[in-house]
Amino acid sequence: MSLRFGRWQDVLGDVTCDALICDPPYGARTHAGNAGLSERTAAGDGAKRRDLSYAAWTPDDVREFVASWAPRTRGWMVCFTSDDLAPVYREAYQAAGRRAGVISAGERGQ
């Protein structure tokens, strides 16, 4: 195992995998929802939340990510996402020749 620091485009270009399961940045609306949340509700300890130190993803980010990883991933590709980017993932998976089953948090139970 190795730990690599940097942008995925710069440090993971030589990596292939059997399955890709990841939690990349969410879309702008969900990302912005973190702003202004000053208390951690789950912990209940009054600890302050930090602002996110990374940018939200755009549809172009999703397309670049899927296009790069699809040929280097032998099996499943699973990306947690927000409902605003779910249709973009679906389109990107299909464009890469993959079956696309997308369930976003906004679609649970439907």
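# Chat notes on a predicted chain

Q: What pattern does the chain follow, read along the sequence?
A: The pattern is α-β-α-α-β-α. The model is a predicted one.

Q: How many helices and strands are there in the chain?
A: There are 4 helices and 2 strands.

Q: And how much of the chain counts as buried?
A: Of its 110 residues, 27% count as buried. The chain exposes about 7,700 Å², and carbon and sulfur atoms supply 54% of that area.

Q: What share of the contacts is between residues 24 or more positions apart?
A: Taking contacts with a separation of 6 or more, 65% of them are between residues 24 or more positions apart.

Q: Let's do the helices. Which residues of α3 are buried?
A: Helix α3 covers residues 59–69, and V62, F65, V66 and W69 are its buried residues. Viewed down the axis of α3, they fall within an arc of 90°, so they line one face of the helix.

Q: Which residues are exposed on the other side of α3?
A: D60 and A67 are exposed there.

Q: What do the buried residues of α3 pack against?
A: They pack against α1 (8–11), β1 (20–22), β2 (77–79) and α4 (86–95).

Q: OK, α4 next. Which of its residues are buried?
A: A86, V88, Y89, A92 and Y93. Down the axis of α4 these residues fall within an arc of 155°, so they too line one face of their helix.

Q: What covers the buried residues of α4?
A: The cover includes α3 and β2.

Q: Which residues touch the most other members in the largest nonpolar core?
A: V62, F65 and Y89 do, in a core of 17 residues. At least two residues of this core come from each of β1, α3, β2 and α4. As background, nonpolar side chains tend to be buried together in soluble globular proteins.

Q: Stay with Y89. What does Y89 touch, not counting residues up to four places away in sequence?
A: Y89 touches P24, W57, V62, V66, C79 and T81. Of these, V62 and V66 are among the buried residues of α3.

Q: What comes after α4?
A: G97 follows α4, and its phi is positive, near 80°. R98 also lies in the segment after α4.

Q: What is R98 in contact with, leaving aside its neighbours within four places in sequence?
A: R98 is in contact with A70, T73, G75, M77 and Y93. With A70 there is a polar pair: the backbone oxygen of A70 lies 2.9 Å from a polar atom of the R98 side chain.

Q: How far apart are R98 and W76?
A: They are 22 residues apart in sequence and 9.3 Å apart in space, C-alpha to C-alpha.

Q: Switching to charges. How many salt bridges does a search of the whole structure find?
A: The search finds 5 salt bridges. In general, side chains of opposite charge can pair when their charged atoms come close.

Q: Where does R4 come in?
A: The side chains of R4 and D14 meet in a salt bridge, at 2.8 Å, N to O. R4 is in the segment before α1 and D14 in the loop between α1 and β1, so the pair links distant parts of the chain, 10 residues apart.

Q: Is R4 exposed or partly exposed, and what about D14?
A: R4 is partly exposed, with a relative accessible area of 36%. D14 is exposed, at 59%.

Q: What does D18 form a salt bridge with?
A: D18 forms one with R74, and the closest N and O atoms are 2.7 Å apart. D18 lies in the loop between α1 and β1, and R74 in the loop between α3 and β2, so this pair ties together parts that are 56 residues apart in sequence.

Q: Are those two buried or exposed?
A: D18 counts as exposed at 55% relative accessibility, and R74 is exposed with a relative accessible area of 58%.

Q: Back to α3. What do the side chains of D60 and R63 do?
A: They meet in a salt bridge, 2.8 Å from N to O. D60 and R63 are 3 residues apart in helix α3, so about one helical turn separates them.

Q: Why would residues at that spacing point the same way?
A: An α-helix has 3.6 residues a turn, so residues three or four places apart point the same way.

Q: How accessible are D60 and R63?
A: D60 is exposed, with a relative accessible area of 53%. R63 counts as partly exposed, at 38% relative accessibility.

Technical notes
Residues are numbered from 1 along each chain as its sequence is written. This is a predicted model: local features need pLDDT of at least 70, side-chain atom pairs count only at pLDDT 80 or more; totals for chains, interfaces and linings use all residues. Side-chain values use heavy atoms; hydrogens and water are left out. Buried means under 20% relative accessible area, exposed over 50%, partly exposed in between (1.4 Å probe, protein chains only). The arc is that of the directions from the helix axis to the C-beta atoms. Contact means heavy atoms within 4.5 Å. Accessible areas come from the Shrake-Rupley method with a 1.4 Å probe; for residues, only the protein chains shown count as cover. A nonpolar core is a set of buried Ala, Val, Leu, Ile, Met, Phe, Trp, Tyr and Cys residues joined through side-chain atoms within 4.5 Å. A polar contact is a pair of N or O atoms within 3.5 Å; within protein, one must be able to donate a hydrogen and the other to accept it, and residues adjacent in sequence count only if both atoms are side-chain atoms. A salt bridge is a side-chain nitrogen of Lys or Arg within 4 Å of a carboxyl oxygen of Asp or Glu.
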